[in-house]
Amino acid sequence: MAFQYVRAHSNSGSSFLLICIMINLLFLSRTVAPIATKPRHSLPFSRIDDHLRTLNKPAVKTIHSPDGDIIDCVPIHQQIALDHPKLRNHKLQMHPQTQPSYGTAESVNRFTKMGRSNEIRQLWHENGRCPSATVAVRRITAEDIRRVGSVERFGRKFHQPPKPKPRSPKPKPRSRIVSRPGHEYATAYLDNNEYYGTRATINVWNPHVQGPLEFSVAQIWLAAGSFDNGDLNTIEVGWMVHPKYYGDNNTRLFTFWTDDAYQFTGCYNHDCLGFVQDSVTRNWWLKFGNDAPMGYWPAEIFSHLSTAATSIQWGGEILNFEISGQHTQTQMGSGNFAQAGSSHASYFKNIFYVNAANQLVFPTNLQTSVAFPNCYSIQVPNANSFYFGGPGRNSNCP
C-alpha cells in the first residue's frame, strides 16, 4: 500500500488521530494548495525523465486520489526496492514467519488495554483499490524532483542549513542519533544493548512549519553504528510535515533508512532501492497498528543493522534554518510543551521493545535528551510513555 500517504486530517492542534507503529526485527525469527517553488532550469529534463523512469515502475492499474496524488499499482515482484544490487537473489517475503511474544504478565496487561486499531484507510481508497499481487506506490513527478533541486539528493535528508548561532547552555548529545547543525531533538531512548524491534503509539498533529526548507517529525529510530565514523545505520518511521519534500503542509506517514550516516545510501519511502513492500529471518518488518505487515527492510542492505540495533530512539525532530537570524517558529509535535500533558501535548505511549528472546517488553530505564528545553521539551510520566514538543521561538527561545 502507499503507506507513506496516510495523513492526519487535523485542521488545528486541537484534533488528532492515533496511529500505532510497530517495527519488528525478526532476526530471531490533495485538494491542497501546493508550496510555491521557483523553476529550476539547471536540471536537464533528460536527467529528470531518466530518473522518473527508474522510480516509477509500469503499473497494472492507476488510481487518481481526490487530493491530486496519482497511485500506481505495481506488480509486487517489479517494485523498485528489488532493483537493489544486494537484492538480486533475494527471495520475496510475504509475512514474517514468527511474531514477538509478550515477555511478562504486565506486558500482556498493557497490550490488552491498548485494544485494536481501526482499518488503515487512505484518501485515494475513495476511487479504488489495488488488485492482489500488486503494491500501491505514489507516482513521483518532475516537479517533486525540481523542488528538491537535485536528482542525486532526491529522497534523501536535507541537513545542511546555515550554521546556527551559539546557544547556551547546550548539553552534549547523549543518544545514538547525534545532533547535526540545525537539527533539534526532544527524545527518549535506550542505548548500549541489543534490540530487535519496537512498538509504540503516537498521536498525530499538524504542526506549523515556518519555511519550505524546514520540517517537523515525530518518529522512531532504530540505530547501530556510529555517526562520527560515517557508518551509522538507521531505520526511521513516523509522521512528518515536510514542505520541500512533499510540496504541501500535510502530515504524512513516512519511512527512511540509511547505511552510511545519511551520506549516499537510503531515502524516504520508495524513493530509492531498499524498502520492500508487501524460519527465522533477519529482515526488519514494519506494521501499522494491528494490521498485516506493510513491508520490510532486507538485512542485506545494512552493515550493522544486519544483526541487531544497539539503540532505539523515540521522539521529535525539527530542522531550524534560523530565518531572519532568529530561532525558527517551526513547531514540534502539537506545538505545545510537554508540560501541557494529555490532550494538548504530543506523546508516545505503549512503548515496547523486542529483546533477544523475541519478546516484547516495556522499558524500565528510558533516558531523555533535549538540546534547547526553552524551545522544545520532554517529560516522562511513567516507564513506557512520554510527552514532547514545543512552539519553537518564544520569549525564552529568541
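1. Buried means under 20% relative accessible area, exposed over 50%, and partly exposed in between (1.4 Å probe, protein chains only). By that cut-off C397 is buried, at 1% relative accessibility.

2. This is a predicted model, in which local features need pLDDT of at least 70 and side-chain atom pairs count only at pLDDT 80 or more, while totals for chains, interfaces and linings use all residues. Residues are numbered from 1 along each chain as its sequence is written, and side-chain values use heavy atoms, with hydrogens and water left out.

3. The structure has three disulfides (cysteine sulfur atoms within 2.5 Å). With the bonded cysteines numbered in sequence order, they pair 1-2, 3-4, 5-6.

4. C73 and C130 are joined with sulfur atoms 2.0 Å apart. The S-S torsion is about -80°, so this disulfide is left-handed. C73 is buried at 0%; C130 is partly exposed at 22%.

5. C267 and C272 form another disulfide, S to S 2.1 Å. This link is left-handed, with -85° about the S-S bond. Both cysteines are buried.

6. C375 bonds to C397, S to S 1.9 Å. The torsion is about 90°, so the disulfide is right-handed. C375 is buried, with a relative accessible area of 3%.

7. T187 is buried, with a relative accessible area of 1%. Its side chain makes a polar contact with the side chain of Q313 at 3.3 Å (a pair of N or O atoms within 3.5 Å; within protein, one must be able to donate a hydrogen and the other to accept it, and residues adjacent in sequence count only if both atoms are side-chain atoms).
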